[in-house]
Amino acid sequence: MPNCVRVSDALKRPPLRSSRLVAGSGGLWRPVRWVHILDVPNAREHIRGGELVLTTGLGFGQRLEQFQSFLQQLMDGQAAALCIELGTTIHELPVQIRQMADQANFPILVFPERVRFVDITEDLHKQILICEREAQYEEDWVEAVIAGRATRITGDGLPRTPNTCCRVAVLAFQCVESLEAASLNAVQQVRSPSGHSQPDSRVDRLTESRQGLLRHLIQSAFCSQGFGVRLTTRRESVVCLLERSSKEREWTHALDAAFAELHAALSRQFEPLTATTLRMGVGRVATTLVEIPSSHEDAQRALFICQRVPSPRWRMYDEAGVFRWLSLLADSPDAAAVAASDLNKVTDYDRQHGSELLHTLRVYLDCDRSKQRTAAALYIHRQTLYHRLEQLASILQSNLDDPVQRLSLHLSLYYQAFCMSDPNSI
């Protein structure tokens, strides 16, 4: 699980306050899982990922090529940062080393004077163990609450104040391989001759590193908009309990701002980040712990809707309209049969004649049967629209003045677009 002690946190600890960050400022988010003293040139053999490496440079610092090799091995091994005590072997950080670290967003700190490495290791190891317990407790707590075990757990309840409430948000990260490959020159999975993926321990560490960064960015984005955040990370998604004022307008605006901030932060950290990488579904309001599992189910449905409908990239379930019904009917063969019986005649006609009557029907119903708005939306002349409507009436044999028949056609159009065909038509 991700560690909540980051390089930026380590810099604030008393033993490191005399240090100076001289390179790799873009990597301060990196999680620190251990502190390791290392002066030997073959660094890769001695690290497992996430180490804050302390060194005097005794075994490699006299030659630039060896120093560059040492740094590259730390970066390849997913170390967290490098701390150098100046004076023993290294008196000034070479420009080439700074450039390597800046390019990889790998933090390098220097101590201008001699320090006691034992003080640093003792202090940070205590903080790491404390934060591991706290982070694990939070994740276990959130998992228990969304699973409906609220009555059998102890800890903070929700909401904290009478004027706040909670919603569950599920953030899904598609193109996970792209995120991992973009993070610090990730190592690709090794494939066997049969073509099956073989897990690489470096990939596992990278996944943990990615989750640690996602946790940090999510908390930062939502906290900046006034949310209380508790979350649990999964391989391709994060489940968040978000607490805020119960006013609907405040929720919508704040979620929109937080989502935009998170997407921008991910774009800065992971390149390239496509618009389809991040989706978010948000459940309905929960005022007690026992209501949170229902909010979580709603959030999963809202996320499913986001994944089927290209825009917008996040939705609150209670604002998803007819898509809530469609998400329930998505796997129903009976619903598919009804939609087909409503629309197959028009679909067949379009296929045979190269026409666009089905799309015309959809726009006409979306425009509440306003001929002026429909013609404008389709960029066609009013007479052309009249002709198409006459063709539709002849093919469908349905009375569009009857709200029951009209609603059935409209719902069938949305069902086919949402569940059976290209969602870009929605």
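1. Two strands are said to pair if DSSP finds at least two bridges between them. Strands (E, at least two residues) and helices (H or I, at least four) are DSSP runs, numbered from the N terminus. By this rule, strand 9 and strand 10 (residues 237-245) pair in the antiparallel sense over six bridges.

2. The structure is a predicted model, in which local features need pLDDT of at least 70 and side-chain atom pairs count only at pLDDT 80 or more, while totals for chains, interfaces and linings use all residues. Residues are numbered from 1 along each chain as its sequence is written, and side-chain values use heavy atoms, with hydrogens and water left out.

3. A hairpin of three residues joins strand 9 to strand 10. Within this pair, R230 stands opposite L241 in strand 10. Five of the six residues of strand 9 (residues 228-233) are buried (under 20% relative accessible area, with a 1.4 Å probe and protein chains only); strand 9 is therefore largely enclosed by the rest of the structure.

4. An open sheet is formed by five strands in the order 1-5-4-3-2, with mixed pairing. Strand 1 (20-23) and strand 2 (34-37) stand at its edges; each has a single partner strand, so one side of each is left without a neighbour in the sheet. From one strand to the next, the twist averages 25°.

5. Which strand pairs with strand 1, and in what sense? The partner is strand 5 (residues 108-111), and the two pair in the antiparallel sense over three bridges. The bridge partner of R20 in strand 5 is V110.

6. Helix 3 (residues 95-104) lies across strand 1 and strand 5, at about 85° to strand 1. Helix 4 (residues 117-146) lies across strand 2, strand 3 (51-55), strand 4 (81-85) and strand 5, at about 160° to strand 2. Axes are lines fitted to C-alpha atoms, for helices over the stretch in contact (heavy atoms within 4.5 Å), and angles run from 0 to 180 degrees between N-to-C directions.

7. The axes of helix 10 (residues 333-353) and helix 13 (residues 382-396) come within 9 Å and cross at roughly 125°.

Technical notes
Buried means under 20% relative accessible area, exposed over 50%, partly exposed in between (1.4 Å probe, protein chains only).
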